[in-house]
Amino acid sequence: MVKTGDFQSMNVKQLKKIAVDQGLRFECVPGCIKCCAIPGLVFVHEREIPAMAEFFSLTPEQFIRKKLRRHFGRIYQLDMPTSEPCAYLSENGCSIYPVRPAQCSAFPFWPENVADPQTWKKLGEFCPGIGRGRMFSIDEVSDIMGTVSYGPFL
Ligand code: SF4
Ligand code: SF4
């Protein structure tokens, strides 16, 4: 079994291999909704629930019951069809932006996306924000990756 720490250090090593100029350049493009429009699962860690519940003026228990499904252990998923774009995507972008899950705020710096140069480059063909904007240092990227380090257990 891969432990979280092992997984992160493994990816930091890989990250160093693909990082150009000691970092990765990224800036989300205003108005772009491509990653939110991909059908799939959006995970929520238990620690994210209190803030999300407050955003909806619900108690954590109500929020879990009305908006989430338990996935595994401390990991939940947003309760919505997995064959459609995210249910919280509105015409103005993410309707829960201030409390969007770490899975969303960490994109595109997911561990699997920085696994090798080919994957990062290929993702750049999908995400127009990759390669533009400011340079994120390796330390910054590894910190961001750490917010979704539960990924290997999903
Ligand atoms: S695909 Fe990239 S640029 Fe577009 S919304 Fe997602 S992160 Fe931003
Ligand atoms: S919660 Fe918001 S940021 Fe995350 S996928 Fe849905 S619309 Fe996008």
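Ser-57 counts as exposed, because it has 8 C-beta neighbours inside 10 Å and the limit for exposed is 12 or fewer. The model is predicted. The protein has 154 residues, of which 19% count as buried. It contains seven helices and seven strands.

**Overall layout**

- Read from the N terminus, the elements follow the order α-β-α-β-α-α-β-β-β-β-α-α-β-α.
- Of the contacts between residues at least 6 apart in sequence, 75% join residues that are at least 24 apart.

**Ser-57 and its loop**

- Ser-57 sits in the loop that links α3 (49-55) to α4 (60-67).
- The phi angle of Ser-57 is near 55°, which is a positive value in a residue other than glycine.

**The sheet of β2, β3 and β4**

- Three strands make an open sheet in the order β2-β4-β3, with antiparallel pairing.
- β2 (43-45) and β3 are the edge strands; each has a single partner strand, so one side of each has no neighbour in the sheet.
- On average, neighbouring strands of this sheet are turned by 40° against each other, direction ignored.
- Strands of a sheet pair through backbone hydrogen bonds, in either a parallel or an antiparallel sense.
- β2 and β4 run antiparallel and are joined by three bridges. In this pairing, His-45 has Ile-75 of β4 as its bridge partner.
- β3 (residues 68-72) pairs with β4 in the antiparallel sense over four bridges. Arg-70 stands opposite Tyr-76 in β4.
- β3 and β4 form a hairpin with two residues between them. Gly-73, in the turn, has a positive phi of about 55°.

- Pro-81 lies in the loop between β4 (75-78) and β5 (89-90).
- Pro-81 is exposed, because 9 other C-beta atoms lie within 10 Å and a residue with 12 or fewer counts as exposed.
- Pro-81 and Pro-39 are 42 residues apart in sequence, and their C-alpha atoms are 8.2 Å apart in space.

**Nonpolar cores**

- The largest nonpolar core has eleven residues: Leu-24, Phe-26, Ala-106, Phe-109, Val-114, Trp-120, Ile-130, Val-141, Ile-144, Met-145 and Val-148.
- β1 (23-26) and α7 (138-146) each supply at least two residues of this core. α7 gives the most, with three residues.
- Another core, of eight residues, lies apart from the largest one; Ile-49, Phe-63, Leu-68 and Tyr-76 are among its members.

- The residues around ligand 1 include Cys-28, Cys-32, Cys-35 and Cys-127. Lys-34, Phe-107, Pro-108 and Gly-129 are also among them.
- By class, this shell around ligand 1 has nine nonpolar residues, one polar and one charged.
- The peptide bond from Phe-107 to Pro-108 is cis, with omega near 10°. Pro-108 is found in the loop between α5 (102-106) and α6 (117-126).

**Surroundings of ligand 2**

- Ligand 2 is surrounded by Cys-36, Val-42, Cys-86, Tyr-88, Leu-89, Cys-94, Ile-96, Arg-100 and Cys-104.
- By class, the shell around ligand 2 has eight nonpolar residues, no polar ones and one charged residue.

Definitions and conventions:
Residues are numbered from 1 along each chain as its sequence is written. Chains are lettered from A and ligands numbered from 1 in the order in which they are written. This is a predicted model: local features need pLDDT of at least 70, side-chain atom pairs count only at pLDDT 80 or more; totals for chains, interfaces and linings use all residues. A residue is near a molecule or strand if its C-beta atom, placed from the backbone, lies within 6 Å of it. Ala, Val, Leu, Ile, Met, Phe, Trp, Tyr, Cys and Pro count as nonpolar, Asp, Glu, Lys and Arg as charged, and the others, Gly among them, as polar. A residue is buried if 20 or more other C-beta atoms lie within 10 Å of its own, exposed if 12 or fewer, and partly exposed in between; C-beta atoms are placed from the backbone. Two strands pair if DSSP finds at least two bridges between them. Two residues are in contact if their C-beta atoms, placed from the backbone, lie within 7 Å. A nonpolar core is a set of buried Ala, Val, Leu, Ile, Met, Phe, Trp, Tyr and Cys residues joined through C-beta atoms within 7 Å. Axes are lines fitted to C-alpha atoms, for helices over the stretch in contact, and angles run from 0 to 180 degrees between N-to-C directions.
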